[in-house]
Each structure stands twice: as C-alpha cells, then as structure tokens.
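Hi everyone, and thanks for coming.

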Amino acid sequence: RMSPGDDMRLDLQNGKDGLKLVVRGGSVDARPFVQDLVGNGGNGGREDAPAKDLDLDLKVSLLNGHNGQSISNVEIRILKRGGNMREFRIAGRSGRAALSGGMLNAPAGQPPQFYVRSGDGGALLSFLDLYRRMDGGQLQLVALNAGPRMSGVLSIRDFTLRNEPALRQLVAEGVGGRIDDKSPIDTNAVPFNRLQAVFTRSPGRLELRDGAINGPSVGATIEGALDFSRDQVALSGTFVPAYGVNNLFSKIPLFGPILGG
C-alpha cells in the first residue's frame, strides 16, 4: 500500500530500459501520480532533465483521483522511450460516461500523436484536479508528443459551469455591479456549447492560446499561462455577454423579430 486506501499488487523493475510497472488490484489512489504528472510533467520539473523511459501496464477496478472522483474498470498501457510516446491506450469509465484513448497515425517523420476522449469532461478534469466546476461535456484532447514539451488542442462540447466565482464577477460587472433574480444570466449554472484551446505543456508550466468559449448567454476568449512550480496563474481575455448582442438586435424595428433570437 502506497496510500491507505490501496488494494493492489505492484511488480516493478528498474533497469537499462527504464522503469517497468505492472499494476493489478481492486483500488489504487492515483493522486500522488496525478500531482506529479500535472505539477512537473513527470520530468523532475526541469525541461532540460533527461527524459524517463516508462513501461506501464495497469488494470484495476477503481482508480481514485482528486475531489472524490474515480475511474472504474480502468486499463492503461503506456510505453515511453526517449520522452516520446510509443504506445498509449486507456479505457474505463469516468463520471457518468466512458473514457478512452489511443495513438493516432502520424505522418512519416513526425512526432507521435495521441488522443483522449471522455463523455464526462467535468469529471475527468476534476479527477486530475485541473478544474472542479464543470458539469458534463464531451471532451477530446489531441496531443503531439515531442519529448519534454507536449502541444495539442483541447475541445469540450455541451457542458455547464456551476457556481464559478470568476464568471459571477464578470456578469455582475456587465449588469451594473449586482446580480439578482432579474439578471439575464443565472450564474449558478451557465450552459456552454463549446470550449477550445491550443495548449503547450512543459515541465511545471501550461500555456494556453487561441482559447474560446461560447454559449447561449455568454462567450469569452482566453490566453496565458499556469505556472505550477510557482502556484501562479496569468490569464487574460475578453468577456462577451451574448444576451446583450441579442437584445441589441431585438430593438431594431424591422429586423428585430428576425434577428432577436
């Protein structure tokens, strides 16, 4: 047991081909490994640190993560050589939906690509302790793995943000500094159609660009960086209350009834 709730058998070999792990069991606490993966990219927090070779074969009934989230009936196969992903497979159930992932066919001479899909993106992000206020969402991540640095695109469709303080503050500023029952946006549960962002992941740092989120009532753009080593967040963007645009069109006498929706 590496954590109090663990129920597993672990076979470990550390040789010239790197670290080889075979994990079987009923329950595994994944939080220490998730923290290492998210916090420093599994590379000691330094981009110039030598890449670690890894051969992981995991099959457990329950993989426990952050914020009370778990992945059930999970199977993970990872083979990394020289920092590049050579084999990747994941299957299980996260939250209320299936979780899957695998390798994509990359053009000759290009770094390997892999993907992760989840029918409950909010549960997966909460499991990783990246974000806790998203409910549902069809999540897809496609990444280009090129050594210590990894880049890709994150896309999430049809989700709801619940009780998000930053969104509540933005809406309050947009309606004159107060929110009441007559506010055009219910900040307790704001639905969105789509979120997409280009990201670059390096040890201890996550950079976002060309980020956009839109829904029936609000939209926003976002870019910036999260520095995990310093516990710093520096993000900027533009907040667009879509209901204001709709109201503007609705006040045009001739075209209002057509464009107001």
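Let's start with Gly 219, which is found in strand S12, residues 218–227. Helices (H or I, at least four residues) and strands (E, at least two) are DSSP runs, numbered from the N terminus. Before going on, please keep in mind that this is a predicted model, where local features need pLDDT of at least 70, side-chain atom pairs count only at pLDDT 80 or more, and totals for chains, interfaces and linings use all residues. Residues are numbered from 1 along each chain as its sequence is written, and side-chain values use heavy atoms, with hydrogens and water left out.

Is Gly 219 buried or exposed? Gly 219 counts as buried, at 10% relative accessibility. Buried means under 20% relative accessible area, exposed means over 50%, and partly exposed is in between, with a 1.4 Å probe and protein chains only. Leaving aside neighbours within four places in sequence, Gly 219 is in contact with Ile 213, Asn 214, Thr 238, Phe 239 and Val 240. Contact here means heavy atoms within 4.5 Å. Look at Thr 238 in that list: Gly 219 and Thr 238 are 19 residues apart along the chain, and their C-alpha atoms are separated by 8.4 Å.

Now let's zoom out. The chain has 5 helices and 14 strands. Of its 261 residues, 36% count as buried. Among contacts between residues at least 6 apart in sequence, 46% join residues at least 24 apart. The accessible surface of the chain comes to about 14900 Å², and 51% of that belongs to carbon and sulfur atoms. Those areas come from the Shrake-Rupley method with a 1.4 Å probe, and for residues only the protein chains shown count as cover.

Next, the inside. A nonpolar core is a set of buried Ala, Val, Leu, Ile, Met, Phe, Trp, Tyr and Cys residues joined through side-chain atoms within 4.5 Å. Which members of the largest one touch the most other members? Of its 39 residues, they are Leu 63, Ile 76, Ile 156, Phe 159 and Phe 192. Take Ile 76: not counting residues up to four places away in sequence, Ile 76 touches Leu 56, Asp 57, Leu 58, Leu 63, Arg 89 and Ile 90.

Arg 77 is buried, with a relative accessible area of 18%. The side chains of Arg 77 and Asp 55 are joined by a polar contact of 2.5 Å. A polar contact is a pair of N or O atoms within 3.5 Å; within protein, one must be able to donate a hydrogen and the other to accept it, and residues adjacent in sequence count only if both atoms are side-chain atoms. Beyond four places in sequence, the contacts of Arg 77 include Glu 87, Phe 88 and Arg 89.

That brings us to the aromatic rings. Rings of Phe, Tyr and Trp (its six-membered ring) pair if their centres lie within 6.5 Å; planes under 30 degrees apart count as stacked, over 60 as edge-to-face and the rest as tilted. How many aromatic pairs are there by this rule? The count comes to 2. One is Phe 88 with Phe 114, a tilted pair at 5.2 Å centre to centre and 55° between the planes. Phe 88 lies in strand S5 (residues 84–94) and Phe 114 in strand S7 (residues 113–118), so the pair ties together parts that are 26 residues apart in sequence. Phe 88 is buried at 8%, and Phe 114 is buried at 6%. Then there is Phe 159 with Phe 192, a stacked pair at 5.5 Å centre to centre and 20° between the planes. Because Phe 159 lies in strand S9 and Phe 192 in strand S10 (residues 189–202), this pair ties together parts that are 33 residues apart in sequence.

One last stop, on backbone angles. Most residues other than glycine have a negative phi. Asn 163 has a positive phi, near 50°, and sits in the loop between strand S9 (149–162) and helix H3 (165–174). Asp 210 also has a positive phi, near 55°, but its place is in strand S11, residues 205–214. Asn 163 is partly exposed at 45%, while Asp 210 is exposed at 56%.
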